[in-house]
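Here are some questions and answers on a structure. Look at the sequence and the model first, then read on.

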2 protein chains.
Amino acid sequence: MPENLDLLLHARWVLPIDEKESVLEHHAVAIHGGRIVAVLPQDQARHRYHPARVVELPDHVLMPGLINTHAHAAMTLLKGIGDDLPLMRWLEEAIWPVEQRHVSESFVRDGTLLAAAEMLRGGITTCNDMYFFPGAAAEAFDRCGMRAVIGIVVVEAPTPWATDADEYFRKGLAERAQWRHAPLLGFSIAPHAPYSVSNASLERAASLAAELDCSLHVHIHETKHEIEQSLKQYGLRPLERFARLGLLGPNFLGVHCVHLEPHEIELLARHNCSVAHCPTSNMKLASGIAPVRAMQAAGVRVSLGTDGSASNNRLDLFGEMRQAALLAKVSTGDATVLPAYSVLRMATQEAADSIGLGNEVGSIEPGKAADLCAVDLSTLDMQPCYDPVSHLVYVADRQQVSHVWVGGESRLERGVLKLQIDNTELLAANRVWQTRIQ
Amino acid sequence: MPENLDLLLHARWVLPIDEKESVLEHHAVAIHGGRIVAVLPQDQARHRYHPARVVELPDHVLMPGLINTHAHAAMTLLKGIGDDLPLMRWLEEAIWPVEQRHVSESFVRDGTLLAAAEMLRGGITTCNDMYFFPGAAAEAFDRCGMRAVIGIVVVEAPTPWATDADEYFRKGLAERAQWRHAPLLGFSIAPHAPYSVSNASLERAASLAAELDCSLHVHIHETKHEIEQSLKQYGLRPLERFARLGLLGPNFLGVHCVHLEPHEIELLARHNCSVAHCPTSNMKLASGIAPVRAMQAAGVRVSLGTDGSASNNRLDLFGEMRQAALLAKVSTGDATVLPAYSVLRMATQEAADSIGLGNEVGSIEPGKAADLCAVDLSTLDMQPCYDPVSHLVYVADRQQVSHVWVGGESRLERGVLKLQIDNTELLAANRVWQTRIQ
């Protein structure tokens with residue numbers, strides 16, 4: 001007797017993301033109750049299951065949904081503001097003044113809705129976010145049916161969201177409590193950066209993260225300026241300061257880590273830390289090139305982030321995968337560094353491990369949530385295709401993503417978003433903000 | 001009385017590419033006999049003309065078609081072969097053996113057809129190409145209605161196309177004579193590279209180019225290895241050797257120019273040479289980062305090339321524009337280098353000037369050929385848009401290209417190719433080659 005099943009996906013190639021770097025041809029993925037129940041040859045699947053729905057993906061790669069480990073989703077409303085400026089001028093002259101004037105609960109909700117739609121369209125199923133009004137971000141991700149880890153941001157400066165560190169903690173934790181039953185949402189503690197958070201707040205962040213068993217999400221070692229400032233103010237480079245304050249550990253996700261000395265890479269590795277590499281943002285702001293090969297060689301877990309739309313200006317992990325591979329090659333002078341498969345791993349399983357979701361998502365294996373995306377390799381500019389792994393990194397655009405599922409629920413079908421909120425509503429909200437900000 | 005007109009395009013923004021960096025809102029471009037006859041406000045255009053056809057582009061940027069100044073179009077059939085290898089191993093172990101076995105007249109024709117379709121789909125209207133069987137390439141570009149300058153390649157080694165330099169010259173010139181009446185085609189003299197062409201052949205190339213008034217298209221200073229080899233063999237770095245042989249001049253287009261000493265940049269500037277910058281290829285092969293800012297500051301004309309699909313793996317100038325801007329910023333540590341508009345100029349007017357077509361294409365102005373592309377900024381992931389110039393470089397994908405015209409003839413309409421050859425035929429030919437090469 002065939003087993004009942006919610007959904008059966010037949011794909012030309014299935015890329016489970018495993019140790020063997022398997023590329024399974026003509027395989028099927030069986031999904032029930034939002035979870036993957038089996039990965040098996042298509043012929044066997046047809047005999048074993050009686051599926052409520054079958055999706056044929058005859059020219060497609062079926063792979064885990066991509067995981068964006070660093071974003072400020074709501075900043076999508078500030079896309080392209082202050083281009084061609086270095087980080088500190090960009091923040092001080094372009095971004096912060098606009099944020100002080102415009103950021104609000106509705107700004108964050110509308111901006112995050114737009115960002116979530118952009119990310120889902122491009123195969124991203126999980127976002128590790130950091131911004132103000134975390135409850136509004138939670139509402140937006142929940143409404144789009146996108147998995148997210150939302151940062152409880154902490155900064156010493158007043159913003160429209162909170163006035164001092166104590167209030168950032170208090171209000172953030174209250175939002176977390178309110179959203180604790182949302183199945184796709186989690187929270188992290190997100191002290192903004194070494195230059196914007198005090199020692200006391202950093203220590204409080206570390207102990208809270210330990211108590212709540214969640215990750216610490218922090219910008220660190222992004223620019224030389226940040227390091228010089230820290231040496232002046234604390235007599236220590238930021239990472240050493242963080243180490244002394246007890247922040248480093250397996251739940252620590254350091255964003256950027258562009259400027260690292262060898263002993264700092266060792267420090268990250270020894271504490272089993274993770275790093276979110278944001279190549280496009282680092283290039284656009286001229287921050288520098290993160291030593292990805294050296295970090296990986298030392299055993300540091302490295303994943304990929306888009307950063308916010310104001311410094312990128314795309315929430316596109318296909319772009320970041322290609323960029324990470326190219327940048328690692330040219331910066332080391334070694335074309336064999338970061339081959340295609342290792343980049344796919346950074347955007348999936350390594351990313352999941354970096355944000356505490358390694359057992360839940362990041363690969364296609366029985367028991368995990370069915371967060372998946374299908375990439376269509378049949379169009380003209382994908383031809384010829386000798387190796388689908390190479391094509392995913394070096395050829396495919398995010399527009400090749402044809403289908404997306406989160407927890408077994410369809411979010412994109414044949415390139416069309418299937419969200420609770422429709423495009424017309426998203427575009428209307430965007431127009432209001434664009435007029436106001438312009 | 002309104003004037004008769006073939007075609008009138010109404011666009012939200014027209015980007016003519018001029019000294020003032022104009023962005024014209026709600027303007028029209030009038031086209032007759034394949035040429036631009038006027039750029040004017042839409043209201044005026046409606047009164048002045050009686051057009052046979054009107055195209056409304058209400059959310060689009062209308063700009064000059066992009067110009068790819070370095071490609072090996074037919075190599076599209078080798079896309080993804082030998083990824084993650086450095087240049088010399090990539091050439092010697094992956095590319096050259098496959099080329100010796102498979103390259104033929106039909107390989108070049110079919111590969112160039114596929115490449116031309118990919119380029120036109122992505123807004124590229126002119127390709128400066130270099131490969132074997134130039135007649136087969138000419139046939140393919142002509143059939144697709146794409147403008148091209150086809151290199152008469154010269155190399156000392158035997159290939160399926162010719163056995164020695166003399167035969168390369170002779171056969172190439174014969175092809176040129178045969179295609180001399182094709183309105184969209186031109187030819188260049190293309191000695192392959194310093195390490196593959198003798199002094200005698202280089203001198204012959206230079207005098208031929210002068211005699212025929214065409215450009216010289218040559219790979220140069222791509223890798224450190226190439227320079228070391230030249231020092232060993234000739235006691236000179238390649239550029240100095242070329243200078244002594246009389247190759248440098250306004251018609252000289254040096255491809256790559258990754259490794260340059262300051263006096264070499266001066267040498268290029270003094271001779272009014274052009275450089276084709278191929279950022280993705282240089283990154284993927286770990287060749288290095290070309291000093292674009294320094295070259296431009298010295299007055300060297302720099303344009304953009306995709307290189308061949310085997311080292312990129314995309315023929316996508318939107319990708320190369322973004323990559324050039326990002327790479328220049330991170331490599332100089334200055335986020336203000338290569339702002340968006342200057343990159344657009346590199347991919348249009350500077351490119352046209354680099355290949356001898358500066359009076360024919362590269363900008364939208366009366367008298368020039370109507371080689372245009374329209375980019376749709378209305379989709380979700382293009383929102384919000386505060387500045388269309390920024391969006392073209394930092395946000396838009398080639399898939400946003402909705403319409404393309406070459407010499408006033410439509411080649412792409414609402415994202416669908418309008419070629420003499422249809423997609424089914426292109427895909428069928430590709431499948432034959434893929435099976436054979438695999």
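The face of H7(A) turned away from its buried side carries two exposed residues, Glu228(A) and Lys232(A). The model is predicted.

Q: Which residues of helix H7 of chain A are buried, and why are they on the same side of H7(A)?
A: Helix H7 of chain A spans residues 224-234. A residue counts as buried if 20 or more other C-beta atoms lie within 10 Å of its own.

Q: Which residue follows H7(A)?
A: The residue after H7(A) has a positive phi, near 70°. That residue is Gly235(A).

Q: Which helix gives the largest share of the side of chain B that touches chain A?
A: On chain B, 51 residues are in contact with 51 residues of chain A. Helices H3, H10, H12, H15 and H16 of chain B each supply at least two residues of that side. The largest share is six residues, and it comes from H16(B).

Q: What ipTM does the predictor give the complex?
A: For chain A, the mean pLDDT is 97, and 100% of the residues reach 70 or more. For the complex, the predictor gives a pTM of 0.98 and an ipTM of 0.97.

Terms used
Residues numbered from 1 in each chain as written. Chains lettered and ligands numbered in written order. Predicted model: local features only at pLDDT ≥ 70, side-chain atom pairs only at ≥ 80, totals over all residues. Buried ≥ 20, exposed ≤ 12 C-beta atoms within 10 Å, placed from the backbone. Helix = DSSP H or I, 4+ residues; strand = E, 2+ residues; numbered from the N terminus. pLDDT = per-residue confidence, 0-100. Contact = placed C-beta atoms within 7 Å.
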